[in-house]
Amino acid sequence: MFKVKRETSDGKLALILLLPSTLLILLLIGYPMLSNFYISFFEQPINPEFPAEFVGFENYIETLTNIDFYKSLGITLLYTLLVVVGSTALGLYVAIMFNRPFRFRKVARSLIILSYVTPSISLIFVWKYMFNSGYGIINYIGRDILHLFDRAPLWFDNPTSAFILVVLFAIWRYFPYAFIAFLAILQTISPTLYEAAEMDGANIWQKFKAVTLPAIMPVMLTVITLRTIWMFYMFEDVYLLTNKVNVLGVYLYETAFAFNDLGKASAISVILFLVISTLIIAIRKKVNLNASS
Amino acid sequence: MKLKRFGIMAFIVLSATLIGCSSETSQSKGGEVTIEFMHTSVEQERLKVVNGLIEEFEKVNPDINIDPVVVEEGSLSTKIITLAQASELPEVIEVGQQHAKMLDKNALVDTEALKSVISDIGKDEYFDGALKLVRTEDGEGFRGIPMSGWVQGIWYNKEMLASKGFDEPQNWEELLEVAKAFTDKANQKYGIAMPTVEAGMSEQAFSQFALSNKANILNANGEITLNTPEMKEALEYYKKLSQYTMPGSNGVTEVRDAFMNGTAPMAIYSTYILPAVYAQGDPSNLGFAIPKKEQEAVFGTVSSLTIPTGLKEQQKEAAQKFVKFLSKTENATEWILMAPGGAQPVHKSVVASEAYQSNKVINAFGDLSTEIAESFNEIQVFGLVENKNFVKMGQISSSNAIPIMVNRVTVGDASVEEGINAAQEQLEKVLE
């Protein structure tokens, strides 16, 4: 009887303690979301003094019948897939390499996370300098030293090479996030598990599959989910590196701030929300299923 | 009961925190008025100057508080649009031409308030070119109060040109000749560093050639006039000239670097090349030419201060007072000298002032400074036809159709015809 009473009062306390956070979430996330959804049915003028015109589903229909939207969606999905897989795999590989003692481990670890903590704009300038057709180091090595090509390829002007470069940039820039997360969880795995697997005759791959993978699965799920959301909405890295890769972040930005079509931009963001939600649910189901099997 | 009280307390604390977090904007407190001033001087040195001017103003106007809002230039569009949507535009905003047109198109500029400020200061105080750029479409009002400007032209290295027996290129043909003479692609030397990137800089550079061939993008009725023989000729010429520039999409960084490191003896760039030349080169060796065909055309732009609509009388008056204060010769001079050489004066009295004349950077360029200042009166831009400053030019520039056309033709494989047709189609859609 006494136990039940205590549980009830704890529940109330928990609710009260959650109240500020709930209110904050409603204020900072719920309201803008609803407002955005509402605007998506209007032709919204920039001047709030002018009346907004209700256009029903017109913004959605215009977006969904526009070939450029699908091109952009395709590029974004491929970009997201490649960067998420690439940065997660690289992060995991480097974390496994670092999960053992060696000299200067701390220094090396700091160097690894440099690309993640440096502001995007500086890194983008460095990449643009590296690939500059006149004095870029990549062209110097490829053209003047190795003689791989006579004239510098137009790295950021060709849509294919520009796409490859923005993907490589993102993998390099964001793998430290996965690295930190994986290294933390790897350090919690007891060495006795590996010893036991070894006694059973497991090779490196079998040890990874039987011991490492199940242990890191919750972290991997989080890393994949968060990185998918972040990459799907990526704007500044791509926008500043090249004009030839029109990901959805750029498409959305241009609709809202170059063409000032706020209603359509809101409709696009609602569609993106639905796409990314479906994607995340699918990933979670897939990864959970794998984990349980 | 205790828990209930705790809950109420938690709610009150949260509410108080949220209210405390919300920005304190433009409100009157006990006879005082606070107005916001949004500007783009993010650099420490410039920030110091702007803050100093604000302090000065507050000293002589103790009933007005100025709350500075510093915004990086790149995120100005986003800020302006979101703040406008929330009816939270600052009372005074530093804007370029494009933002001024966008605000004007949406009836967010108090053209009457600005007209009254200009009339108080006196139209004669400004160079004609500067005022022309901020006039409203009907020619009656103003979109902003000009504070500084810059002009674009062809900068050349006098010694390098002389080494091959060339003097200042006077027209299209001579320019092509010089560019050709200096191009040695095998050794990565180019005749001219010019913009070809899909960004505003290409539109600005190309517009100078088009306008010198009397090709504007709109006619006096505001109709698109992209597909004309004059425009095609200008684009054909730009394409030809681009054979003598660095490969790929060249933007601000590439053009400036190529000129500064001697890769190219000529560059199409704004007056913002002057501070770099002063710091790293020989100012007396710098020349300034304007491409000429049918006429001379200088591209230029002004940065101005605007006052949005919908302000309370007290805020509007404070904003007007502040803008007038910043436009005073001594203050406008301080403003210009935040980037000496780069930012060009738009006030005649600033050019004549002792502080401006004695500035070491301005002095270093000798007669060139005067030449540049005078060129301000020759300014021509796309969308300015017979003194009619079309507001739809803002949409045309925002669409990026012209830079995309330039990039397709110079960097891509598109022909002039294809480039123009695609841009025409894009612009028709934008202006629908």
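Helices (H or I, at least four residues) and strands (E, at least two) are taken here as DSSP runs, numbered from the N terminus. In this predicted model, local features need pLDDT of at least 70 and side-chain atom pairs count only at pLDDT 80 or more, while totals for chains, interfaces and linings use all residues. Residues are numbered from 1 along each chain as its sequence is written, chains are lettered from A and ligands numbered from 1 in the order in which they are written, and side-chain values use heavy atoms, with hydrogens and water left out.

In chain A, Ser40(A) sits in the loop between α1 (2–39) and β1 (42–43). Ser40(A) is buried, at a relative accessible area of 0% (buried means under 20%, with a 1.4 Å probe and protein chains only). Leaving aside residues up to four places away in sequence, Ser40(A) touches Gly56(A), Asn59(A), Tyr60(A), Gly263(A), Ser266(A), Ala267(A) and Val270(A), contact being heavy atoms within 4.5 Å.

Chain B splits into domain 1 (8–150 + 301–378) and domain 2 (151–299 + 387–430), with bounds from an automatic or database domain assignment. Taken over C-alpha atoms, the centres of these two domains of chain B are 30 Å apart. Where they meet, 29 residues of domain 1 of chain B contact 28 residues of domain 2 of chain B.

Together the two domains of chain B bury about 2,500 Å², 65% of it on carbon and sulfur atoms; this is the accessible area (1.4 Å probe) that two parts lose on being put together, summed over both. On the domain 1 side, Glu137(B), Trp150(B) and Phe365(B) lose the most area to domain 2 of chain B, together 29% of what that side buries.

Key
Buried means under 20% relative accessible area, exposed over 50%, partly exposed in between (1.4 Å probe, protein chains only).
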